[in-house]
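Hi there,

Here is the structure I promised to pass on to you. Have a look at it first, and then read my notes below.

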Amino acid sequence: MPRLSLLLPLLLLLPPLSPSLGIRDAGGRRPECGPCRPERCPAPAPCPAPCGPGLVCASRAAGAAPEGTGLCVCAQRGPVCGSDGYSYPSVCALRLRARHKPRAHPGHLHKARDGPCEFAPVVVVPPRSVHNVTGAQVGLSCEVRAVPTPVIMWRKVMQSPEGTQALEELPGDHVNIAVQVRGGPSDHEATAWILINPLRKEDEGVYQCHAANMVGEAESHSTVTVLDLSKYGSFRFPAPDDRM
């Protein structure tokens, strides 16, 4: 009893428990919820009957409805290449296109192979020309779309004393140049970067982004202009209060 008399003042100071805290009663459910009545739940919507050739009936979402209720989906998943040279998201989409396309002859549009159609590289985002001072860090990027995935490399256009042009593959033995390639940002695309750090006067010139696969190749050029910072050491930008 002495201990209980000490605890009573503390219990009186505690705020009452709020229903929003989610405290459950002894029965294991929220007080504001009524008993579960499964017979009142709406019945899952069935698929149209029949779904159609090449289609199967699938649930709208995993765990949301029993299997075999909800939507008609294509039985064969994945893109396909049509005989017309276009890629389709599924063989069902190709068949739908074939039914609505003017029919030149039976079987005029059919699946050529699984997967998207192959095509030569296309430079979708070319590198932009840059200019900076010696000692700075500059970078160029190039985005290419192709199927199959292209091989992308950076080259520098070299000019010989005789006036002929040659291509130097980068990074080569340049310790201040790094090259990186990764997939993306979209499907069937690849992005290549070249980083020059620190920038030197001899790094000035024309840079080529070259992409190739078994179907073809593409390239794009950009120019790096370098200002020699040592020649501008005595140059001073005028202060805001300088008079002209």
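**The β6–β8 pairing and its sheet**

Within β8, Glu143 is the bridge partner of Val125. Strands β6 and β8 run antiparallel and are joined by 4 bridges; two strands count as paired if DSSP finds at least two bridges between them. Before going further, please keep in mind that this is a predicted model, where local features need pLDDT of at least 70 and side-chain atom pairs count only at pLDDT 80 or more, while totals for chains, interfaces and linings use all residues. Residues are numbered from 1 along each chain as its sequence is written, and side-chain values use heavy atoms, with hydrogens and water left out.

The pair belongs to an open sheet of 4 strands in the order β6-β8-β12-β11, with antiparallel pairing. β6 (119–125) and β11 (177–183) are at the edges with a single partner strand each, so one side of each has no neighbour in the sheet. On average, neighbouring strands here are turned by 20° against each other, direction ignored (axes are lines fitted to C-alpha atoms, for helices over the stretch in contact, and angles run from 0 to 180 degrees between N-to-C directions).

**The whole chain**

The chain has 2 helices and 14 strands; these are DSSP runs numbered from the N terminus, helices being H or I of at least four residues and strands E of at least two. Of the 244 residues, 25% are buried (under 20% relative accessible area; exposed is over 50%, partly exposed in between, with a 1.4 Å probe and protein chains only).

**The cores**

The largest nonpolar core has 18 residues, and Ile152, Trp154, Ile194 and Tyr207 have the most contacts inside it. Such a core is a set of buried Ala, Val, Leu, Ile, Met, Phe, Trp, Tyr and Cys residues joined through side-chain atoms within 4.5 Å. At least two of its residues come from each of β8 (138–147), β9 (151–159), β12 (189–196), β13 (205–212) and β14 (217–227). A second, separate core of 8 residues includes Val80, Tyr88, Cys92 and Leu109.

Leaving out residues up to four places away in sequence, Ile152 touches Val144, Val181, Ala190, Ala192, Cys209, His210 and Ala211 (contact means heavy atoms within 4.5 Å).

**After β14**

Leu229 lies in the segment after β14 and counts as partly exposed because its relative accessibility is 44%. Leu229 touches Val133 and Thr134, not counting residues up to four places away in sequence. Leu229 and Val133 are 96 residues apart in sequence, yet 5.6 Å apart in space, C-alpha to C-alpha.

Best wishes
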